[in-house]
Protein chains: 2
Amino acid sequence: MASASSIATPPSRTNREAQKREQIIKAALQVFAEHGLHGTPVPPIADKAGVGVGTLYRYFDSKEALINAAFCDAKQRLQDRLLTDLDLLNPSRALFDTLWARLTAFARQEPETFQFLEMQDHHSYLTAESRSCEQALLIPLGMMVIIGQRNGLLSNRLKPDLAIALFWGAFVGVFKAERLNYLTLSDEDLKQARDACWLAMSNNNSGETTS
Amino acid sequence: MASASSIATPPSRTNREAQKREQIIKAALQVFAEHGLHGTPVPPIADKAGVGVGTLYRYFDSKEALINAAFCDAKQRLQDRLLTDLDLLNPSRALFDTLWARLTAFARQEPETFQFLEMQDHHSYLTAESRSCEQALLIPLGMMVIIGQRNGLLSNRLKPDLAIALFWGAFVGVFKAERLNYLTLSDEDLKQARDACWLAMSNNNSGETTS
DNA sequence: ATTTACGGAATGAACATTCATTACTCATTC
DNA sequence: GAATGAGTAATGAATGTTCATTCCGTAAAT
């Protein structure tokens with residue numbers, strides 16, 4: 001058998017290509033996250049990926065295509081990490097905690113990816129196909145909320161999309177604050193934030209406001 | 001007495017200049033909000049402001065200086081609208097509601113300003129002075145939270161900076177979702193969101209998690 | 001030996017900024 | 001109150017720079 005480094009991938013041509021593609025996407029993600037989409041020239045991306053500019057353009061038709069590829073790749077990775085082996089059809093407090101823990105792990109382990117996904121300036125670049133990547137994550141989450149509301153676990157006062165926006169916004173806000181040094185987050189802080197988010201959405205039996 | 005249009009401002013030279021400055025800042029804000037900071041060339045800003053490019057450069061040393069001016073101006077306006085005549089030293093549910101209502105009004109009436117302030121790519125451009133504009137809003141809010149916690153009105157489990165980040169993030173998330181068409185917000189929705197945020201931060205007497 | 005991949009200098013377009021010119025303002029003069 | 005012109009503001013074509021993309025000489029793969 002061959003050396004350890006080649007066990008998994010006897011590098012067929014297409015395989016090596018796919019590998020280099022990922023290399024470039026990964027580099028792009030990091031530089032984009034740091035300098036913004038319009039703000040980063042292509043050459044630094046090629047540098048960081050360890051390839052020439054010409055090579056980069058062999059793998060991606062344009063900067064715009066690269067942005068779209070990076071976006072879908074990132075969204076996909078986030079989706080996988082959040083939803084894999086998760087029983088969305090049986091919402092519970094424990095499920096919520098798992099979701100939070102996974103989200104936290106993602107934001108901690110791939111901060112650039114997380115930041116990249118939350119950047120504003122995507123939407124002028126994204127193709128319709130890329131934009132549909134969003135849905136792949138949003139729909140399952142929405143289902144989870146709806147079921148949770150039916151079960152009486154979550155408050156049914158918030159409409160599902162609104163509940164998700166609140167929750168997601170709060171999470172992003174907390175990590176954005178840490179990134180900008182308004183804040184440092186201990187594990188304890190993250191637990192408190194998680195519980196606060198739960199309180200916002202859960203069916204704590206306080207009376208309806210009848211105003 | 002002169003005609004009505006000149007009652008308030010007998011346009012002295014300096015006054016007219018200040019007026020034009022504001023014109024440019026306002027235009028810049030709008031174009032920046034739409035296309036991002038790196039993404040907008042200077043000429044379109046001048047166009048929208050109704051001045052020549054050269055003129056713009058008479059009022060601002062550089063694009064960067066214009067960005068900083070626009071940022072401080074926007075932050076200032078937000079701060080004024082949120083805090084004017086607000087008795088921060090006596091937190092209450094009513095005060096929270098007022099704050100939410102003002103924030104909502106701001107996001108509705110000046111959506112570009114709101115969006116501009118939440119854009120990510122500022123921080124590479126901002127001077128130390130501009131960055132300190134943030135503080136002017138954050139410090140009073142922080143005080144309010146601290147007092148609210150002392151009073152037993154707000155949960156003292158969240159540290160103040162974290163509470164603000166959660167609340168602000170949630171608010172931004174909700175309006176971002178609306179802007180990106182994931183959502184439409186009725187007045188009723190906004191009330192629900194407000195109540196949910198309050199639940200997250202308020203001192204609802206649920207037992208401490210002792211895990 | 002031929003095809004395919006690579007790299008980075010070369011190209012043209014778009015940009016931020018400047019500057020020579022034109023248009024205005026207004027105190028002064030008649 | 002009209003005319004003047006010196007000083008000031010406004011302008012947008014011109015400038016140098018930076019960028020996205022291309023292309024060709026070289027290296028690797030088959």
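## A tyrosine in a loop of chain B

If its neighbours within four places in sequence are left aside, B:Tyr125 is in contact with B:Leu37, B:Glu64, B:Ile67 and B:Asn68, where contact means that the C-beta atoms of two residues, placed from the backbone, lie within 7 Å. B:Tyr125 sits in the loop between helix H6 (111–118) and helix H7 (128–150) of chain B; helices here are DSSP runs of H or I with at least four residues, strands are runs of E with at least two, and both are numbered from the N terminus. Although B:Tyr125 and B:Asn68 are 57 residues apart along the chain, their C-alpha atoms are separated by 7.4 Å.

Is B:Tyr125 buried, exposed or partly exposed? It counts as partly exposed because it has 17 C-beta neighbours inside 10 Å, whereas a buried residue has 20 or more other C-beta atoms within 10 Å of its own and an exposed one has 12 or fewer, with C-beta atoms placed from the backbone.

## How the model is described

This is a predicted model, in which local features need pLDDT of at least 70 and side-chain atom pairs count only at pLDDT 80 or more, while totals for chains, interfaces and linings use all residues. Residues are numbered from 1 along each chain as its sequence is written, and chains are lettered from A and ligands numbered from 1 in the order in which they are written.

## Two chains that meet

Chain B is superposed on chain A by a rotation of 180° with 0.0 Å of shift along its axis, at an RMSD of 0.1 Å, and that is the relation of a two-fold axis. The superposition is by least squares on the C-alpha atoms of residues with pLDDT of at least 70 in both copies.

Between the chains, 36 residues of chain B are in contact with 36 residues of chain A. On the side of chain B that touches chain A, helix H8 (160–179) and helix H9 (187–201) of chain B are the elements that give two or more residues, and H8(B) gives the most, with 12 residues. Because 100% of the interface residues of chain B are also interface residues in chain A, the copies meet through the same surface.

In chain A, helix H8 (residues 160–179) has 20 residues and reaches 28 Å from its first C-alpha to its last, close to the 28 Å expected at 1.5 Å a residue, the expected span being 1.5 Å times one less than the number of residues. Of the 20 residues of H8(A), 18 are buried, so this helix is largely enclosed by the rest of the structure. Just after H8(A), A:Asn181 takes a positive phi of about 65°.

## The surfaces near the DNA

Around DNA strand C there are 15 residues, of which A:Gly52, A:Gly54, B:Pro41, B:Gly54 and B:Lys63 are the closest; a residue is near a strand if its C-beta atom, placed from the backbone, lies within 6 Å of it. H3(A) supplies the largest share of this surface near DNA strand C, 4 residues.

Around DNA strand D there are 16 residues, and A:Pro41, A:Gly54, B:Gly52, B:Gly54 and B:Thr55 come nearest. Here the largest share of the surface near DNA strand D, 4 residues, comes from H3(B).

In chain A, the UniProt annotation "DNA-binding region", from an unreviewed entry, covers residues 41–60; positions are in the numbering used here, feature names are shortened, and annotations may be inferred rather than shown by experiment. Residues 41–60 of chain A are 75% helix and 0% strand, with end C-alpha atoms 15 Å apart.
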